[in-house]
Amino acid sequence: MHVSRAASRGERQMKIKAAVARAPDQPFEIITCEIGEPGPGEVLVRVKACGICHTDLAVKHQHIPVPLPKVLGHEGAGIIERVGIGVVELAEGDAVLMSFGSCGGCLNCQQGAPFYCDDFGTINMFGQRKGGSALRYRGPSSAGTFSRSRRSRRMSSRRPAMW
């Protein structure tokens, strides 16, 4: 039995479903993963819809050589379930849109260019965050039933009429 770092620290984990790319020639597989509580500056989002973009497919087909298996997807929409310490602009129940991740602290992020984030590859291709991974299956993703995400320019709290 494998005990995650989060579980060994006493962090509460919840079971979620996520789409996993295991190999270039296999279809995505829906499996059970674990996700922890939101950390400082993060929110836990119940994913209502997600997209798989060309970058995700390039990773799955290994045109971008990221180790598989992997939970892919960085485009999503959902409802905030819980907020971490320090989150003040968003609240439980807010509808949000999610896109790529960024650190928020490097010079590029501070100057309003999070798409040039110094940690873009680490966050988006390898699913790593300070303090560990949000999703216990090789990285964070919006291609699951829940996603943990840092509050940044990539979230909107406008409530769509359908929710």
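## Accessibility and the basis of the model

A residue is called buried when its relative accessible area is under 20%, exposed when that area is over 50%, and partly exposed in between. F120, with a relative accessible area of 26%, is therefore partly exposed, and the same terms are applied to the other residues discussed below. The structure is a predicted model, and its protein has 163 residues, of which 44% count as buried.

## Confidence

The mean pLDDT of the protein is 77, and 71% of the residues reach 70 or more. Confidence is highest in helix α3, residues 107–110, where the mean is 94, and lowest in strand β7, residues 135–136, where the mean is 46.

Two stretches call for caution. Over residues 136–142 the pLDDT stays under 50, although the model has 44 contacts there beyond four places in sequence. Over residues 151–163 the pLDDT likewise stays under 50, with 37 contacts beyond four places in sequence.

## Architecture

The protein has 4 helices and 8 strands, and from the N terminus on these elements follow the order α-β-β-β-α-β-β-β-α-α-β-β. Among the contacts with a separation of 6 or more, 64% are accounted for by residues 24 or more positions apart.

Strand β3 covers residues 42–51 and contains E42. This glutamate counts as buried because its relative accessibility is 4%, which is under 20%.

With 32% relative accessibility, Q62 counts as partly exposed.

P69 also lies in the loop, which runs between α2 (54–60) and β4 (70–71). The peptide bond leading from L68 to P69 is cis, with omega near 5 degrees.

K60 belongs to a further side-chain arrangement, in which its charged end sits over the ring of F28, at 5.5 Å from the ring centre.

## Aromatic pairs

How many aromatic pairs does the structure hold? The structure holds 2 of them. One is formed by F100 and F120, whose rings are 5.6 Å apart from centre to centre with 50 degrees between the planes, an arrangement described as tilted. This pair links distant parts of the chain, since F100 is in the loop between β6 (95–98) and α3 while F120 is in helix α4 (residues 120–124), and the two are 20 residues apart. F100 is partly exposed, with a relative accessible area of 23%, and F120 is partly exposed at 26%.

The rings of F115 and Y116 also form a pair, with centres 5.0 Å apart and planes at 70 degrees; because an angle over 60 degrees counts as edge-to-face, the pair is assigned to that class. F115 is partly exposed, with a relative accessible area of 46%, whereas Y116, at 57%, is exposed.

P114 is found in the loop between α3 and α4 and, at 9% relative accessibility, counts as buried. The C-alpha atoms of P114 and F100 are separated by 8.8 Å, the two residues being 14 apart along the chain.

## Cysteines

The count of disulfides comes to 0. C117 counts as buried, at 6% relative accessibility, while C50 is partly exposed, with a relative accessible area of 42%.

Note on methods. Residues are numbered from 1 along each chain as its sequence is written. This is a predicted model: local features need pLDDT of at least 70, side-chain atom pairs count only at pLDDT 80 or more; totals for chains, interfaces and linings use all residues. Side-chain values use heavy atoms; hydrogens and water are left out. pLDDT is the predictor's confidence in each residue, from 0 to 100. Contact means heavy atoms within 4.5 Å. Buried means under 20% relative accessible area, exposed over 50%, partly exposed in between (1.4 Å probe, protein chains only). A disulfide is a pair of cysteine sulfur atoms within 2.5 Å. Rings of Phe, Tyr and Trp (its six-membered ring) pair if their centres lie within 6.5 Å; planes under 30 degrees apart count as stacked, over 60 as edge-to-face and the rest as tilted. A charge sits over a ring if NZ of Lys or CZ of Arg is within 6 Å of the ring centre and within 35 degrees of the ring normal.
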